[in-house]
Amino acid sequence: VGSYAFSSVYQGLIPNTFRVVVDGDIVSGVPSAWYKHVGTEVVVDREGAGNFICDPSFVERTFHTMARRNLSSHSLVMYRPALRGIARRAEEHAEGDRVGPQKIRPRRASRAFVSVPT
């Protein structure tokens, strides 16, 4: 996050950047005339199951997290388990837990997150 000038320079120097956001983090979705986000948004589940949505569509951003948006999701307490879940899934994948795309299922899927092998 930075000014529009910062964002432009950053994107020019480091074009392939990911911006990780916990599902429901209201602060990361607040529009502003004074700053701009950089990188591709990656929404991770807050339960720590290792599920994520890379570059969510307007529909996913608008309706998926609409009812869950709150200030507590912006806390590091929420980000830690989410990132640990992603790391755990990456380790499982690296250890040979390879599943074909047709067999991928979200873990603890109480919502419509898509689980993608890393």
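How many residues does helix 3 have, and how far does helix 3 reach from its first C-alpha to its last? Helix 3 (residues 76–94) has 19 residues and reaches 26 Å, close to the 27 Å expected at 1.5 Å a residue. The expected span is 1.5 Å times one less than the number of residues. Helices (H or I, at least four residues) and strands (E, at least two) are DSSP runs, numbered from the N terminus.

I noted the source terms. This is a predicted model: local features need pLDDT of at least 70, side-chain atom pairs count only at pLDDT 80 or more, and totals for chains, interfaces and linings use all residues. Residues are numbered from 1 along each chain as its sequence is written, and side-chain values use heavy atoms, without hydrogens and water.

Next I looked up burial (buried is under 20% relative accessible area, exposed over 50%, partly exposed in between; 1.4 Å probe, protein chains only). In helix 3, Met 78, Tyr 79, Ala 82, Gly 85, Ile 86, Arg 89, Glu 92 and His 93 are buried. Down the axis of helix 3 they fall within an arc of 160°, so they line one face. The arc is taken over directions from the helix axis to the C-beta atoms. On the other side, Leu 76, Val 77, Arg 84 and Ala 94 are exposed. The buried residues pack against strand 1, strand 2 and strand 3 (52–54).

Then I checked Pro 81, which sits in helix 3. Pro 81 is partly exposed, at 29% relative accessible area. Leaving aside neighbours within four places in sequence, Pro 81 is in contact (heavy atoms within 4.5 Å) with Arg 46 and Gly 48.
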